[in-house]
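Biologist: Hi, I'm new to this one. Could you put it up and walk me through it?

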There are 2 protein chains.
Amino acid sequence: MLKGKLLIGQSGGPTPVINASLAGIILAAQVHAEIEDIYGMVHGIEGVLKDELIDLNQEARGDIQNLLYTPASALGSCRHKIKDSEYERILQVCKLHNIRHFVYIGGNDSMDTCMHISALAQSMSYELQVIGVPKTIDNDLVVTDHSPGYGSAARFMALAARDAGLDLEAMATFEDVSILEAMGRNAGWLAAASSLAKASDEDAPHLVYIPEQTFDENRFLDSVSKVHSRLQRVFVVVCEGVRDASGDFVGSSRMKETRDAFGHTLNTFTTGVAAYLAEIVNEKLGLRARFLRPVIIGRAMSACVSETDRQEAYQVGQEAVKQLASDQTGLMITLHRVSSAPYACETGIVPLKQVANAEKLLPQNFYDSNQNMPNENFKAYALPLVGEAWQPAIRLNKKRVPPLAST
Amino acid sequence: MLKGKLLIGQSGGPTPVINASLAGIILAAQVHAEIEDIYGMVHGIEGVLKDELIDLNQEARGDIQNLLYTPASALGSCRHKIKDSEYERILQVCKLHNIRHFVYIGGNDSMDTCMHISALAQSMSYELQVIGVPKTIDNDLVVTDHSPGYGSAARFMALAARDAGLDLEAMATFEDVSILEAMGRNAGWLAAASSLAKASDEDAPHLVYIPEQTFDENRFLDSVSKVHSRLQRVFVVVCEGVRDASGDFVGSSRMKETRDAFGHTLNTFTTGVAAYLAEIVNEKLGLRARFLRPVIIGRAMSACVSETDRQEAYQVGQEAVKQLASDQTGLMITLHRVSSAPYACETGIVPLKQVANAEKLLPQNFYDSNQNMPNENFKAYALPLVGEAWQPAIRLNKKRVPPLAST
């Protein structure tokens, strides 16, 4: 194992368990004498560029352990698109601090960053071990069975849809349609997760729209209308990233456009697709519709953390240090499912170049496009990830008393 | 105790524990031989008007017990403004079914309904015992210390603000302002609850706006600007019902207006005040702002139920039957706090006319209008209601490593 300092960073959108990975890395690293000190990046790579680092060995052990229960990125995160000229600066800062181990917790953009840093270090003959730790509520990292963070955000979506769906059902004589917006720029994993607590046709959601399918406004209105005729209520889940046949984000004509440093359109800073759909359902079908837009509550809510997810996030962090101790570099830690029933996952590794910038969309065989609904394949895949079973919500049988009053 | 049937209804916006009250009533009523049968109203008073009743004794006991864990109104709810001519119809249906006990779980509008039904029954010399059971996430019922439903919705708001606040803090180099919308037409109780997990100036929320205070757009922008200068982020909570000096809902100029049967404006079917404020923060301060609008997720989410709230909701249901057994009528069940430390509440009663249509706003001494923040008095009042302590979220000390790179 290389002797020197370890530098850890967190990048991209936070999750409720990304700090469990951080805790896993720190606690595993503290047992290695070769690791002279453990530094953290303040706001990810931006902190490296500014030489803003913190000394994680100065943190109380109890606080490190409590990271397991602390949502969002405790080091600070960023969405910084690194310019080519900046990579040298990153290496320079690492050299000055004698950083020999570099662990970055993030999604596909972050794995691209890791890959570039690793390559540049090699070309400069600077010995630096670079390991990526997977994290994303979007679940769009390739190779790994799933990404830590997804299970908890998925649990939020499943319970939010079930519970708000029961609310809509209770108020069915007063309101008609609820439209819940799910996060996800290109991948429908979180929108799909809203179906995980659905046990019958009556249960919410009734329609789920994912970006992997072209969105057609007329077909949507027709589907809403049909479900309403059948159930007198419609609970819709729509991914923020759905696009129409021209490739435009649905509703974007009525929204301002904003973009991030990577050039990605940021629907999250607009009123969003759910607000738009509620508007057209009201305008065109005359149904009373409201939109639910939890946005970052859904990726932060500590009350919905999946224990499975928390443990796996910790585990991938620990595994990163094991790989450093085995003199590995240029890898991302993965999870692979070794058994489906009972569910069991083990950690593995993949070269960074296989995951950098690649994107895993919801497979076609996980979704029934006729029903606009994730199917049993998806459920079998995703249910083990959302943690312990929830207390069942019951629906009364409602045996009618024969009416006695004249109408 | 009058011999005859018991009719139970649920009214108004659901809560995550309104079914615990229903379970409390059913299980307490089933031990009384005088109660010949237990009927439920399908969608509250609308079900009575249509003679759509269900036989609750036909439900499996296990399902009744699971109502304790089922959010939203299992019988179906309504927001029906009863016309004078309809009260006689209600009494007629009760007579035909030999309903002698009438229990309605609801808020102040529902207590008004109970009062009218009780009065009409007396004037017609029809023996009918009418008891109201308090329920509202808004916590605006008078006399009672608090209303079942509030504690759970408050827990959601406290955790949503804390956790999404940590997310904003992590992303502070990328986004500036989050604006979380709280439910509440006239009362700021839920907006205030967002401060319950705040332990320091750094913690979210940084500004909380309640309808009890006139909202001034310029002062708001100024406050946002000041907090941003100090912390490089601003987490705002705003109650959907905030109004400007003219008495108009803030942002209503940009929204369509919708009203319910009671003539109340329904901001919930518009894009809402948080979206409006995010827009003006962006337009006028140039800060990147997004709004979080969980709406009914916050009043339905089973994962955020306060156990205290669940137990109290059950208890007020049971107490309603005790009052029936003592031949009482024209009352609402209350909770009164008999001890603050340790917290203890007992049930009590109040004549319906004292609570019908009255509204309990957030008291002035619960809120610091200079800081735009609920104060310690509010915290002392509300913290016991939100249930068990949450796992603390930690903030790292972040001891800086002396920089070595030239800037």
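Modeller: A salt bridge here is a side-chain nitrogen of Lys or Arg within 4 Å of a carboxyl oxygen of Asp or Glu. This is a predicted model, where local features need pLDDT of at least 70, side-chain atom pairs count only at pLDDT 80 or more, and totals for chains, interfaces and linings use all residues. Side-chain values use heavy atoms, without hydrogens and water.

Biologist: How many salt bridges are there across the interface of chain B and chain A?

Modeller: The rule finds four across that interface.

Biologist: And how many residues are in contact there?

Modeller: 97 residues of chain B are in contact with 98 residues of chain A, contact meaning heavy atoms within 4.5 Å.

Biologist: What area is buried between chain B and chain A?

Modeller: About 8,100 Å², with carbon and sulfur atoms giving 63% of it. Buried area is the accessible area (1.4 Å probe) that two parts lose on being put together, summed over both.

Biologist: What superposes chain B on chain A?

Modeller: A rotation of 180 degrees with 0.0 Å of shift along its axis, at an RMSD of 0.0 Å. The superposition is by least squares on the C-alpha atoms of residues with pLDDT of at least 70 in both copies. The two copies are therefore related as by a two-fold rotation axis.

Biologist: Which surface serves both copies?

Modeller: The same one: 100% of the contact residues of chain B recur in chain A.

Methods:
Residues numbered from 1 in each chain as written. Chains lettered and ligands numbered in written order.
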